[in-house]
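Subject: Structure handover

Hello,

Here is the structure for you to look over. My notes on what was found follow below it.

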Amino acid sequence: MLTNIMYVTIYVTDLDRALEFYTEGLGLEKRIDFSGRDGRFLTVGVPDSPVQILLWSLAAAAGQPGNVGQQAAPGPLILESDDLRKDFEILRQRGVTFEESEPVDYPFGVRIEAVDPDGNRVSLRQQRKP
């Protein structure tokens, strides 16, 4: 029986640049950084969460930038916040790029899309309190 999500993969073109974005920009923690015969195995994660995000090196143009001005699907990674507006200001001060100028209210809560250096969308969400 399946018991846990181990890794979620984000494809990037520059592992060091991606590591800087996900740790210094989004505030995730580096978990594993191992170079082996198959390449570099690099993971990050939300503090106190067992799920790890595998940053995997892939050829140029691996990122999937959002379509500005069009309704788009969420990014491959969705992170939850308990105070998204506050976190948005902190992340913006760290240099994180967003598709919108401010978080947007929705029936389910609040959301905004960040974009990593390869164009991967990172969805940030705050659930509406009952």
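The chain has 2 helices and 9 strands. Helices (H or I, at least four residues) and strands (E, at least two) are DSSP runs, numbered from the N terminus. In sequence order the pattern reads β-α-β-β-β-β-α-β-β-β-β.

Some ground rules. This is a predicted model: local features need pLDDT of at least 70, side-chain atom pairs count only at pLDDT 80 or more, and totals for chains, interfaces and linings use all residues. Residues are numbered from 1 along each chain as its sequence is written, and side-chain values use heavy atoms, with hydrogens and water left out.

**The chain overall**

Of the 130 residues in the chain, 38% are buried. Buried means under 20% relative accessible area, exposed over 50%, and partly exposed in between (1.4 Å probe, protein chains only). The accessible surface comes to about 8,200 Å², and 52% of that belongs to carbon and sulfur atoms. Those areas come from the Shrake-Rupley method with a 1.4 Å probe; for residues, only the protein chains shown count as cover. Now contacts, meaning heavy atoms within 4.5 Å. Among those between residues at least 6 apart in sequence, 52% join residues at least 24 apart.

The largest nonpolar core holds 25 residues. Such a core is a set of buried Ala, Val, Leu, Ile, Met, Phe, Trp, Tyr and Cys residues joined through side-chain atoms within 4.5 Å. Y22, L26, L55, F98, V122 and L124 touch the most other members. At least two residues each come from β1, α1 (15-25), β3, β4, β5 (77-80), α2 (84-93), β8 (109-115) and β9 (121-127). The most come from α1, which gives 5 residues. In soluble globular proteins, nonpolar side chains tend to be buried together.

Y22 has a relative accessible area of 0%. Not counting residues up to four places away in sequence, Y22 touches I10, G27, L28, V44, L55, L77, D116, N120 and V122. At the start of α1, a side-chain oxygen of D14 comes within 3.1 Å of the backbone nitrogen of D16. Just after α1, G27 has a positive phi of about 85 degrees.

**Aromatic pairs**

How many aromatic pairs are there? The count is 4. Rings of Phe, Tyr and Trp (its six-membered ring) pair if their centres lie within 6.5 Å; planes under 30 degrees apart count as stacked, over 60 as edge-to-face and the rest as tilted. One of them is Y7 with F41: the centres are 5.4 Å apart and the planes at 85 degrees, so this pair is edge-to-face. Y7 lies in strand β1 (residues 7-12) and F41 in strand β3, so the pair ties together parts 34 residues apart in sequence. Y7 is partly exposed at 32%. F41 is partly exposed at 25%. Another pair is F21 with Y22, also edge-to-face, because the centres are 4.8 Å apart and the planes at 90 degrees. F21 is buried at 10%.

**Two more residues**

Q52 sits in strand β4. Is Q52 buried or exposed? Q52 is buried, because its relative accessible area is 14%. Leaving aside neighbours within four places in sequence, Q52 contacts M6, Y7, V8, R31, I32, T43 and V44.

D48 is in the loop between β3 (39-45) and β4 (52-57). D48 is exposed, at 82% relative accessibility. Phi of D48 is near 70 degrees, a positive value in a residue other than glycine. Most residues other than glycine have a negative phi.

Best wishes

Notes. Polar contact = N/O pair within 3.5 Å; in protein donor to acceptor, adjacent residues only side chain to side chain.
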